[in-house]
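Visitor: Hi! I have a structure open on my screen and would like to walk through it with you. Could you take a look?

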Amino acid sequence: MSETAGYRIAVRALCEFTARRGDLDHRFTPAPSAREGIEGHARVRERRGEGYEAELPLSGEFRSLTVAGRADGYDPAANRLEEIKTHRGSLERMTANQRALHWAQAEVYGALLCAERGLESLTLALVYLDVATGRETRLTREARADDLQAGFEAHCRAFLAWAEQEAAHRAARDAALSRLAFPHDDFRPGQRALAEDAYRAAATGRCLLAQAPTGIGKTLGTLFPLLAAMPRQALDRLAFLTMKTPGRRLALDALADLGAADGEPRLPLRVLELVARDKACEHPDRACHGEACPLAEGFFDRLPAARRDAVARGWWDRGALREVALDHGVCPYYLGQELARWADVLVGDVNHYFDDGALIHGLVQVDGTRLGLLVDEAHNLVDRARGMYSAELDQRRLNRLRRSAPPALSRPLGRLARRWQALLREVDECDWQALDELPRGLVGALQQAVAAITDYLGEHPSGADPALQEFLFEALAFARLAERFGGHSLCELRRPGRGRARLAIRNLIPADFLAPRFEAARCAVLFSATLSPAAYHRDLLGLPDDAVSRRVAAPFAAEQLEVRCRTDVSTRLVDREASLAPIVAELAGQYRRRPGHYLAFFSSFAYLEAALARLREACPAIPVRAQHRGMDEAEREAFLAGFVPGEAGIAFAVLGGAFAEGIDLPGERLIGAFVATLGLPPFDPFHEVLKARLEARFGRGHDYAYRIPGMIKVVQAAGRVIRGPEDRGVVVLMDDRFARAENRALLPDWWRLGSGSA
């Protein structure tokens, strides 16, 4: 490594690279949440005397390598440097290699402190705090400065070859990206404007909310400018986040088009596809530790070779990553987790950045990564984030668990069950109700049960009942959200039957959780065909005040799409039966005028099935098929495969479901869509509470709870028809409320609306 090619690394990352040995061990050992960890560190600091130095910034150099970090605490009076770790349950379950990693971190911090302050020796301490009991366990070692310095230099020497490689890769990557050319002869209409806006967002370090129509190539139109901006804005990596698996494939295809794929020398770019653990696991029937799984045994001993092989290839989609992992006998999923730190582009689901404990967000926090964020189909992020920050407890699951739980857990589970019963006696008997506050007695009993189960699993890591672990996951999620409960969320109680109550914390306003994630990214580009009005997404996603919204003009002509509104039809629940005849007449009339493939969208499966039965009865010659409840991936693919050019039929689907967005049926594969609903959520007690909460916060309760989410679904469904400049088709909107100006204002501005009847 040349003396001019400096490389900077955090203490934790250095030690994780050089000091880990032995098996991968992921036997279930419940760990404190990030919030509990922060609070635990604060609790330890509060117990220390005056003069105690917390979060002590330290750094040092070895050759051209700079190592920096923040030591947890230093007591000058005792000359003791502390590395603080939080845990749950018995420390005896901690593996030797995990403890060795903790000591390595303390020793590196000790070397940096001795060098900075001229100390000849130092007491090193590992302080373990049990977050459940508040008990501290302190392990100490006396260390001489020269020994600590020798150890520090050994860690640095072990990393230098890798650092040299990383510096060379970064230089080559940035040089190539500085010359990056668009991979096609020209941009599609509208694509250049999107790319320019995305580049400006990266250049100014801002958040862009970009509404861009379907068919202009949004994936390439956002990836290309962000890659071009990487060397100029010193971005460490990009994260391309999607809502569904097909979005990942589109991103990987675009990156391959740019020359990043394996075997393409044009672009030295490391691309990692992040896959869910259950989909990447090679041995789902085995426990995740070295005694049970051969890919976990000696994982860290074989990791360096696997890592070297992987970076030599640079393209790590699911198949390529699996190939490298199995060549070296290591777990594909955890190899991917390791490679995330060394990737230039991460492609994965939105939960990898926005969920609690998300991998990519963790890298930003720990390593100070300068991240460029791309969020595809961003109109879905409101609902996805609400799900991420919601949790539920099931009384029936608790009762089943009590019957099978080990004797050691009978008392805490019994106490929790009694609290359930007490809560049900205290509240009104109704199917659904919103509670004014969390039931503190039940939450307290839940926390005690969590601690008891955690201790039990710590003592019995291999023989735990899966049902017990599943209950604990739910209980932990609920308890952690309870700690952050506020105006952004709702506590609801549902009672569908005796002994079947469900208590949930449901997020209503994800902005309070998402805002820090957007602030942590260097820049962010959120894009979709339906991001209007911008204020709705700004408010509910918590975008920064300086976020920019742009609307890319559609490249389509109004003549490409015939849009008709049947305002003589009401799809309200009370009018459903009466609506069937005109709806079926419209479907049949349009099909006879122009046979081809159509999609007909309804607000529910019940409505769909009623219309389907009526059409079959009235027009048996028209080919029909329908989406059904619980379709698996193979069934969904078969449904889409039925849109064969040259054939014809009407396919029935649910608005907002798997076939209402994110599918591409160009040309003759789809020539029309019927939308027999306004897409509004049900006017039930939950949505009325949501409306009231959004009204109080933003002054737009009805719009934010009902109108805008409903119309987004309508536009997404209709957007399946025109996918390219050569497409021609028809969209029929069926509901009298489409005549209202406030609803029409949310439809695409290039549509030319007409009215008509069959």
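Visitor: Let's start with charges. How many salt bridges does a search of the whole structure find?

Guide: The search finds 55 salt bridges across the whole structure. Bear in mind that this is a predicted model.

Visitor: Good to know. Which residues are linked with Arg80 in a network of salt bridges?

Guide: The network links Arg80 with Arg47, Arg48, Asp75, Glu82 and Glu136. Within it, the side chains of Arg80 and Glu82 form a salt bridge at 3.1 Å, N to O. Asp75 and Arg80 also meet through their side chains, at 3.8 Å from N to O.

Visitor: Are Arg80 and Glu82 buried or exposed?

Guide: Arg80 and Glu82 are both buried. Asp75 is buried as well, like Arg80.

Visitor: And what does Lys85 pair with?

Guide: The side chain of Lys85 meets that of Glu83 in a salt bridge, 3.1 Å from N to O. Both partners, Lys85 and Glu83, are buried. As a general point, side chains of opposite charge can pair when their charged atoms come close.

Visitor: Now the surface. Which residues gather in a patch of negative charge?

Guide: Asp632, Glu633, Glu635 and Glu637 make up that surface patch. Glu635 sits in helix H23, residues 633-641.

Visitor: Which residues gather in a patch of positive charge?

Guide: Lys244, Lys279, Arg318 and Arg636 gather in a positive patch on the surface. Lys244 lies in the loop between S8 and helix H7 (245-257). Lys244 is partly exposed, with a relative accessible area of 38%.

Visitor: You mentioned S8. Which strand does S8 pair with over five bridges?

Guide: Strand S8, residues 237-242, pairs with S12 over five bridges, in the parallel sense.

Visitor: What is the order of the strands in the open sheet?

Guide: The order is S10-S9-S11-S8-S12-S17-S7-S18, eight strands with parallel pairing. Strand S10 (315-316) and strand S18 (548-551) stand at the edges. Each of these has a single partner strand, so one side of S10 and one side of S18 have no neighbour in the sheet. In general, strands of a sheet pair through backbone hydrogen bonds.

Visitor: Changing topic to the backbone: which peptide bond is cis, with omega near -5°?

Guide: That is the bond from Ser532 to Pro533. You will find Pro533 in the loop between strand S17 (523-528) and helix H20 (534-541).

Visitor: What is the phi of Arg63?

Guide: Phi of Arg63 is near 55°, a positive value in a residue that is not glycine. Arg63 is in the loop between strand S2 (53-62) and strand S3 (65-75). Arg63 is also exposed, with a relative accessible area of 53%.

Visitor: And what is the phi of Glu377?

Guide: Glu377 has a positive phi of about 50°, and it is not a glycine either. Look for Glu377 in the loop between strand S12 (371-375) and helix H14 (381-388).

Visitor: Why point these out?

Guide: Because most residues other than glycine have a negative phi, and most peptide bonds are trans.

Notes: Residues numbered from 1 in each chain as written. Predicted model: local features only at pLDDT ≥ 70, side-chain atom pairs only at ≥ 80, totals over all residues. Heavy atoms only, no water. Patch = residues over 30% accessible without salt bridge, like charges linked within 9 Å, V, L, I, M, F, W, Y side chains within 5 Å. Areas by Shrake-Rupley, 256 points an atom, 1.4 Å probe, with all protein chains shown as cover. Salt bridge = Lys/Arg side-chain N within 4 Å of Asp/Glu carboxyl O. Lys, Arg positive; Asp, Glu negative; His and termini not counted. Charge placed at Lys NZ, Arg CZ, Asp CG, Glu CD. Helix = DSSP H or I, 4+ residues; strand = E, 2+ residues; numbered from the N terminus. Buried < 20%, exposed > 50% of the residue type's maximum accessible area, 1.4 Å probe, protein only. Pairing = 2+ DSSP bridges.
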